[in-house]
Amino acid sequence: MQTQLGKKVIYQIYPKSFYDSNGDGFGDLRGIIEKIPYLAKLNIDMIWFNPFYVSPQNDNGYDIADYRQIDPRFGTMADFEELVAKLKAVNIEVMLDMVLNHCSTEHEWFKKALTGDEKYQKYFYLRPAKADGSLPTNWQSKFGGPAWEKFGDTDLYYLHLFDKTQADLDWHNPDVRQEAFEIVNFWRQKGVKGFRFDVLNVIGKDENLVDSSDPNQEKMLYTDTPVVHQYIKELNEKTFGQDKEIVTVGEMSSTSFPASIKYSDPKEHELAMVFTFHHLKVDYRDGEKWTKMPFDFMALKKCLSDWQIQMDQGGGWNALFWNNHDQPFALNRFSDPQNYRIKSAQMLASTIHFLRGTPFIYMGEELGMVDPTYTSIADYVDVEAKNAYDALLKQGMSPTEAFEIITTKARDNSRTPMHWDATEFAGFSDVKTWLMPTGQAQINVVEELANGQIFNFYQKLIALRKQEPLISDGHFKELFASHPQVFAYERYLTDSPEKLFVFNNFYDKKVTLELPEKIGAGAVLCSNYERTYDQLPKELTLEPYETLAFKTK
């Protein structure tokens, strides 16, 4: 299974922002259908779609009110079925987002619970206040504020680890698990061949919820608990495990090596791979997201290398990515989009695509898209960013200081509409868009396909992954681990003398590396400076943001 996973590349589409076919300012399924020829050019294997189910959209679709219906703003079930069929025709499969830790308070389960239906009340974590009248526990929502909200006009409160309109489901209840199985199987019958499970490692909350002693320890009360593995094994057995072609990935926040190995080791019959986020927290001051600091390159290198080695040795599998709908664009975080946008986009792409695992490309990444240049908090839509801005002001920051932090970390940074052309609404729509694009005059599909150097670089990386066993199957060894500027590594197979050496300069200064004698003759597989070597020089000089992949014979 992992051999096949190693050859695949998955593209992520945030449907609300991909293409608006009907002029309402929101992306939709028919818009995606129209853009299938563009998607086919990359030669990707699968597309992960963020949720387009019925939802009040308080958390951009991750608050689901009906798991089996397409939200009318995105289209119809007929549109979805056509999308699946037309993507299959160009050898692209569909991966759907499964948000099964919580549902919207607009969902019929929650509404029935509110009317007093005891069956559905058992779907949720309903708890009374403490004897002193305080909330059931002192847990904090990941979106800010307490993780408890009053349950209608009763004396109970319901748990919400996220927005107050996202009520956590109680997986201890076998009826809840059965609902989850039926939802996954419903979409399997629609031809879906992939599932991404949202915040899956927090479904194992204890039945007896207790106060936390500090914010860091609090996550451990509900993250990666042993019962999560039991639940995922059951989910596997009752649903996707019945089809060996299905690809699964779990979003695992604040996870560990042992847990992630277990989640993704084929022998455990849980998931195919995991998303982990440690490498995207190296620009968090003291572990706090809403801070601003330069990224810690040495921490980034160590994190990427540790996850490569640990997962390989343990039999686990990594989902590889820089960008997604919850992250600012990597170009702004880890490189220089002003002076070296093309070179650094290519370098970051190589860094990820030559690693062991399955690469994910987030829409617009293949164009070298960057964060928007907004000027006011009013430009943002996301509830998390707005809550964080208010919290920073309450901490005593000035509006300017608080806004500067929001511009570097907001999830909306990557949710801006896809840049199809240079027009006012970026060719995404003919009307004002739900979130405004910026910078489309310089960065857009028309310009990139005509004159660009990033899209075709991604095409090459995807082709190489399908052709080269060293990339799809090879082991990982870090090189120059203590170097303050270069992330370099070797990929190798135990039964082959061939090796792949990858060198990535993360900075705008030239650097010279003293290479070991043992690197033999070979050829350059990939370079963003058009290098040709049949033997690497003893002193290898890398230009600013240069990436070089050399394969020995």
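1. Exposed here means over 50% relative accessible area, and buried means under 20%. Glu-245 has 57%, so Glu-245 counts as exposed. Lys-193 has 16%, so Lys-193 counts as buried. Keep in mind that this is a predicted model.

2. Lys-193 and Glu-245 form a salt bridge, with their closest N and O atoms 3.6 Å apart. Lys-193 sits in the loop between α7 and β11, and Glu-245 in the loop between α9 and β12, so the pair ties together parts 52 residues apart in sequence.

3. The whole structure holds 37 salt bridges. Another of them joins Asp-211 to Lys-130, with the closest N and O atoms at 2.6 Å. This pair links distant parts of the chain, 81 residues apart. Asp-211 is partly exposed at 35%. Lys-130 is partly exposed too, at 29%.

4. Asp-326 and Arg-415 meet in a salt bridge at 2.9 Å, N to O. Asp-326 lies in the loop between β14 and α12, and Arg-415 in the loop between α15 and α16, 89 residues apart. Both residues are buried.

5. Now strand β22, residues 547-552. Here 6 of 6 residues are buried. Thr-547, Ala-549 and Lys-551 point one way, while Leu-548, Phe-550 and Thr-552 point the other.

6. β22 pairs with β18 in the antiparallel sense over 5 bridges. In that pairing, Val-502 stands opposite Ala-549. β20 also pairs with β22, antiparallel and over 5 bridges. There, Gly-522 stands opposite Thr-552.

Definitions and conventions:
Residues are numbered from 1 along each chain as its sequence is written. This is a predicted model: local features need pLDDT of at least 70, side-chain atom pairs count only at pLDDT 80 or more; totals for chains, interfaces and linings use all residues. Side-chain values use heavy atoms; hydrogens and water are left out. Buried means under 20% relative accessible area, exposed over 50%, partly exposed in between (1.4 Å probe, protein chains only). Helices (H or I, at least four residues) and strands (E, at least two) are DSSP runs, numbered from the N terminus. Two strands pair if DSSP finds at least two bridges between them. A salt bridge is a side-chain nitrogen of Lys or Arg within 4 Å of a carboxyl oxygen of Asp or Glu.
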